[in-house]
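Dear colleague,

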Amino acid sequence: MASPIMDTVLDEIVRTAVVHDVVTVHEGANQPAPTAATSVVVKVDAVQAQSPANTATSVAPVAAETSPPSTTGLPLTYQPNLDTESATYQGLVLLNHNVHRANHSVPDLVYNSTLASYAEQIAKTCFYKHSKAAGDGNYGQNIGAGIDAGNISALLTNMLYNDEIENYPLPYGQDVPDGSQFEQWGHFSQMVWSDTTSVGCYTYDCSPAGQPTTQDCNANGQPYLANTNCGPDGGTPAVFTVCNYYPAGNVDREYEAVKAPLGHGIVQMTENGLTGPDL
């Protein structure tokens with residue numbers, strides 16, 4: 001099945017992608033694709049650490065009794081109704097980080113079930129903002145709104161990596177790069193931060209239970225995912241994705257952790273699925 005990839009433009013204030021067209025009907029999905037006349041807004045946001053991360057954090061590694069998700073044999077096309085807690089979702093999270101980390105000569109991440117549980121707690125608040133309220137707070141974080149779990153590859157690869165790598169302030173290897181446009185590259189830098197070793201993500205649909213994903217307002221005129229826009233024209237589908245990272249990236253004065261890319265071919269999520277080298 002093809003993926004509902006979207007034509008996007010970027011807002012100069014908060015990495016916001018305005019979706020003008022959805023190219024694929026979700027065959028067999030519980031939710032219909034928006035019509036061509038409907039526009040939706042997809043939001044992503046990164047957090048920048050203000051001081052070096054505390055290496056004495058109590059964030060636990062992957063639970064010993066949990067088999068690590070595999071990044072081989074995964075479905076690379078859009079997966080409607082994908083379970084966020086499934087090995088497929090977790091494997092796609094790792095794949096869409098590690099294929100890019102390899103391009104920057106940094107080690108693969110492992111899946112961290114503790115960080116994923118923190119991400120679940122934050123996503124289920126249905127309030128779109130950064131939060132370190134879950135756990136000890138000693139982790140990095142990327143968040144996104146409007147893209148369902150089955151399209152996690154589009155969020156991670158297309159929006160957080162491909163859309164931002166060209167915005168990173170050159171040259172690579174600076175301890176203190178120009179941070180005036182941090183919101184234009186902060187997701188990318190966290191994804192490839194060399195000292196980060198693990199990631200855990202969670203995607204939650206805040207739409208009313210038993211109903212298709214909606215971008216419409218509730219009975220009180222408010223979005224189901226608070227702190228986003230709602231309505232048929234320009235509303236954000238009420239889906240919240242949180243990815244937590246340990247150790248945290250984007251640490252002030254430590255940006256030598258962002259290594260120069262090797263120039264591998266482009267990996268991207270297309271209408272036909274995730275494509276590119278090393279998949």
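C217 is partly exposed at 31% relative accessibility, and C230, at 22%, is partly exposed as well (buried means under 20% relative accessible area, exposed over 50%, partly exposed in between, with a 1.4 Å probe and protein chains only). The two form a disulfide with S to S 2.1 Å (a pair of cysteine sulfur atoms within 2.5 Å), and because the torsion about the S-S bond is about 95°, this disulfide is right-handed.

Please bear in mind that this is a predicted model, in which local features need pLDDT of at least 70 and side-chain atom pairs count only at pLDDT 80 or more, while totals for chains, interfaces and linings use all residues. Residues are numbered from 1 along each chain as its sequence is written, and side-chain values use heavy atoms, with hydrogens and water left out.

The whole structure holds 3 disulfides. C126 and C206, whose sulfur atoms are 2.2 Å apart, have a torsion of about -100° about the S-S bond, so their link is left-handed. C201 is joined to C243 at 2.0 Å, and here C201 is buried at 1% and C243 at 2%.

Best wishes
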